Amino acid sequence: MFETLSPDRLSQAITHAIAPAFVLGAVAGFTSILSLRLTAIVTRIRELTAIPGEGHPSAFLKADLPRLKRRAQLTNRAIFFAVISGLIVATLLIVAFLCAYLGIEHVYGAGIMFMIALLYLVAALVTFAVEVRIALSEYDDHTPSQK
């Protein structure tokens, strides 16, 4: 079980790690974008919450709070899915190198882990798409509605 690590086996492990490493980089970038977006949404919620109640000229803007809270929930969920995907990919990379050092075949387990990581990434992307759709469906209105 504990065979010595050959340069060929290490080279093969590095070659197999290229695709997961690219996915890990993409997940990190995507998570960064989602975090910035969540920060902007939370800032807007705080601004609207600070507006005084009835009678204030900007009080009508508070009607946007439920939509913003829904967007924050969706963005938070997308971040969660992306982080889970990144954790699975990182674990996959660790397992691949451990298997290379121990001389254990990891092809089937690695494939399954990679598919699971991609499914979480797809869940993050779909959740983000829903949030973007909500964001674009109703723009922040800065003028009182005409009745």
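Predicted model: local features only at pLDDT ≥ 70, side-chain atom pairs only at ≥ 80, totals over all residues.
Local features were taken at pLDDT of at least 70 and side-chain atom pairs at pLDDT 80 or more, whereas totals for chains, interfaces and linings use all residues. Residues are numbered from 1 along each chain as its sequence is written, and side-chain values use heavy atoms, with hydrogens and water left out.

Helices are DSSP runs (H or I, at least four residues) numbered from the N terminus. Helix α2 covers residues 65-102 and helix α3 residues 107-137. Their axes, which are lines fitted to C-alpha atoms over the stretch in contact, come within 8 Å and cross at roughly 165°. Angles are taken between N-to-C directions and run from 0 to 180 degrees; those over 145 degrees count as roughly antiparallel, and α2 and α3 are therefore roughly antiparallel to each other. The crossing of α2 and α3 is left-handed, meaning that the near helix is turned anticlockwise from the far one by less than a right angle. The residues of this contact comprise 21 nonpolar, 4 polar and 5 charged. In this scheme Ala, Val, Leu, Ile, Met, Phe, Trp, Tyr, Cys and Pro are nonpolar, Asp, Glu, Lys and Arg are charged, and the others, Gly among them, are polar.

Just after α2, Gly103 has a positive phi of about 75°.

The structure holds 4 salt bridges, each defined as a side-chain nitrogen of Lys or Arg within 4 Å of a carboxyl oxygen of Asp or Glu. In one of them, Glu131 pairs with Arg71, with 2.6 Å between the closest N and O atoms. Glu131 lies in helix α3 and Arg71 in helix α2, so this pair ties together parts 60 residues apart in sequence. Salt bridges with shared partners join Arg37, Arg71 and Glu131 into one network.

Arg37 also forms a salt bridge with Glu131, the closest N and O atoms being 2.6 Å apart. Arg37 belongs to helix α1 (residues 7-49) and Glu131 to helix α3, 94 residues apart. Burial was assigned from relative accessible area (buried under 20%, exposed over 50%, partly exposed in between; 1.4 Å probe, protein chains only). Arg37, at 26% relative accessibility, is partly exposed, whereas Glu131, at 0%, is buried. Arg71 is buried as well.

Asp64 and Arg67 form another salt bridge, at 2.7 Å from N to O. Asp64 is buried at 13% relative accessibility, and Arg67 is buried at 9%.

Technical notes. Helix = DSSP H or I, 4+ residues; strand = E, 2+ residues; numbered from the N terminus. Parallel < 35°, antiparallel > 145°, perpendicular 65-115°, else oblique.
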